[in-house]
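Dear colleague,

Please find below the structure I promised to hand over to you.

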Amino acid sequence: MIQLCSVEELTPGTVTRIARPDLPAPLALVKVGDRVFCIDDTCSHETASLSDGWLDGHEVECPLHESRFDVRTGRPDCPPARRSIRTHAVRLVDGIVYVEESSVAAEEPAR
Amino acid sequence: MSTIAVVGVGLAGVRAGEALRAQGHDGRLVMIGEEAVEPYDRPPLSKQVLLGTYEACDIALTDTASRAELDAEWLLGTRATAFDPVTRHLTLSDGQSLHAEGVVIATGARARTLSGVPELDSVHTLRTLDDARRLRDDLSRPGRVAVVGGGFIGAEVASAARALGHEVTIVEFEQMPLLRQLGSAAAGVLRRLHTDHGVPLVTGVSVTGLVGRDRVQAVSLSDGRSLPADVVVVGIGAVPNTEWLAGSGVALDNGVLTDEWCRTTVPGVVAAGDVAAYRCRGGRRLRIEHWTNARDMPATAARSLLATLRGEDPVEQPAHDPLPYVWSDQYDSHLQIAGRPDADDALELVSGSFDSGFVAVYRRDGAVTGVLAVDSPKEFGRLRRELRGTWATR
Ligand SMILES: Cc1cc2nc3c(=O)[nH]c(=O)nc-3n(C[C@H](O)[C@H](O)[C@H](O)COP(=O)(O)OP(=O)(O)OC[C@H]3O[C@@H](n4cnc5c(N)ncnc54)[C@H](O)[C@@H]3O)c2cc1C
């Protein structure tokens, strides 16, 4: 398990980017209600940071080309993105957000 | 069971087909495309495809699953050459005739060419995958590149050619790139982007001729100068593909005229994408040649076409009334523009600086008419959203 941050650091309605040398890929965290969702921060279409994007309910809109990804499934709603982004299961322990190491391990970016 | 024909299968055509199915068209769907290749996306042509980081498979607009879902008949490598509004027959380039109750016009635009100059091998325009491949071949050899036109396509080709190691010059008729569209402050920023990357601009001149036998050797300019070049790329705008509609009753004026619901002057015929000159709610006519409009407009076109075929009034449906949006990648910078500013609207910096990343807004009589950003997607997104609210009611 990799420790990411405390739940208190997540502001509802915004996407928080976590990029660290010990993480194989930058991650984005979203708090909706009591739940925290973790997705890859990089859009599956082109290198845009989803944490720069707009959050609407469970959907994050890419700041460059407006594809929206559901943070629960990683699926895009419309082009240009066609591939899902990875979602990572989050564990909350005593107010701290963790993700599984194997889940965020870098994979070859599929084009 | 009615037949709907989608003419032109670029982004707008593909999205129209998908929207028709999603909105319940269960009759025959015929997708007619002049290009012999499967539908593909154009923005990467002047960027990743030229740089060699994307191949054709990376820019496909459909895949096996989406084509299966679409359940359409594809006539690729086939042009529509005429439409008869009385018999509702489309004539195709292979001599076939196709009866269709509904027609979606999505024939886009083609690159404008230089008139009165000889056709030489190493002179290019860039609109299709074929064009991009031929240009990429030419850019794989060392040589000097002249880009005619400093608009989006010209700027992107110049930055790709520069990244590939070429000596590049831009020839621009105005004093600065995109001056008439974006005004002098923004145009100055774009000019600097070029010169900072070692791409000089020759401005205030036009091309009067091309020198060379098979391949080009130089570009003759209106000030008498001659600019040596081994490859020339002409990026001077696009012309809507409407010739095939002559005599069809579909009213044309620099594109297919539509109302807010994408309806043309012929019932059961709608248009979307680069080819459509639509009337906004405020009465203004816009023909938007940007990707996001080609993605979004077909949903309205499909909805109003299906309503018409059902005998309902499309006006009950939402109209097409987007905030225009375009992006461009030049050198390592990402530009984003929303709205339709006039060149003489005041440009006011919101954050950052014109020397690096920034967000700026255009204002006319105090009201925001556009947002321009370089490498500031988050702040841009916020302001674009604000503008979207006011734009819709203008
Ligand atoms: C190189 C390049 C880079 C771009 N970059 C950007 C960018 O960075 N950002 C942005 O916002 N926009 C960009 N655009 C613009 C964007 O790609 C267009 O707005 C979009 O492609 C329009 O889609 P469309 O389907 O309306 O038309 P098109 O893409 O032009 O497709 C129309 C299709 O119809 C076919 N056709 C024409 N006549 C007939 C006929 N009679 N019968 C059958 N088929 C026919 C054509 O062959 C074509 O395949 C770029 C465009 C180009 C060319």
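L178(B) is found in the loop that runs between β11 (167-172) and α6 (179-196) of chain B, and please keep in mind here and below that this is a predicted model. Although L178(B) is not a glycine, its phi is positive, at about 55°. Is L178(B) buried or exposed? Its relative accessibility is 8%, and because buried means under 20%, L178(B) counts as buried.

D375(B) also has a positive phi without being a glycine, in this case of about 50°, and its place is in the loop between β26 (367-374) and α8 (377-391) of chain B. With a relative accessibility of 38%, however, D375(B) counts as partly exposed.

In chain A, there is a peptide bond to look at: the one that joins P79(A) and P80(A) is cis, with an omega of about 10°. P80(A) itself lies in the loop between β7 (68-70) and β8 (87-88) of that chain.

Back in chain B, R79(B) sits in the loop between β3 (73-76) and β4 (80-84), where it is partly exposed, with a relative accessible area of 38%. If its neighbours within four places in sequence are left aside, R79(B) is in contact with I32(B), E34(B), T91(B), L92(B) and S93(B). With E34(B) there is a polar contact between the two side chains, at 3.4 Å. V239(B) is 160 residues away from R79(B) in sequence, while their C-alpha atoms are 17 Å apart in space.

Finally, there is the ligand, which is surrounded by 35 residues, the closest being E35(B), R42(B), K47(B), R127(B) and D274(B). Of these, K47(B) places a polar side-chain atom 2.7 Å from an oxygen atom of the ligand. Backbone atoms take part as well: a backbone N or O atom of W327(B) lies 3.0 Å from a nitrogen atom of the ligand, and a polar backbone atom of H290(B) is 3.4 Å from an oxygen atom of the ligand. On its own the ligand has 1,000 Å² of accessible area, and the protein covers 95% of that.

Which residues make up the shell, by class? There are 16 nonpolar, ten polar and nine charged residues around the ligand. In chain B, α1 (11-22), β2 (28-33), α5 (152-163), α7 (291-309) and β22 (325-330) each supply at least two residues of this shell.

Definitions and conventions
Residues numbered from 1 in each chain as written. Chains lettered and ligands numbered in written order. Predicted model: local features only at pLDDT ≥ 70, side-chain atom pairs only at ≥ 80, totals over all residues. Heavy atoms only, no water. Near = heavy atom within 4 Å. Polar contact = N/O pair within 3.5 Å; in protein donor to acceptor, adjacent residues only side chain to side chain. Areas by Shrake-Rupley, 256 points an atom, 1.4 Å probe, with all protein chains shown as cover. Helix = DSSP H or I, 4+ residues; strand = E, 2+ residues; numbered from the N terminus. Nonpolar A, V, L, I, M, F, W, Y, C, P; charged D, E, K, R; others polar. Buried < 20%, exposed > 50% of the residue type's maximum accessible area, 1.4 Å probe, protein only. Contact = heavy atoms within 4.5 Å.
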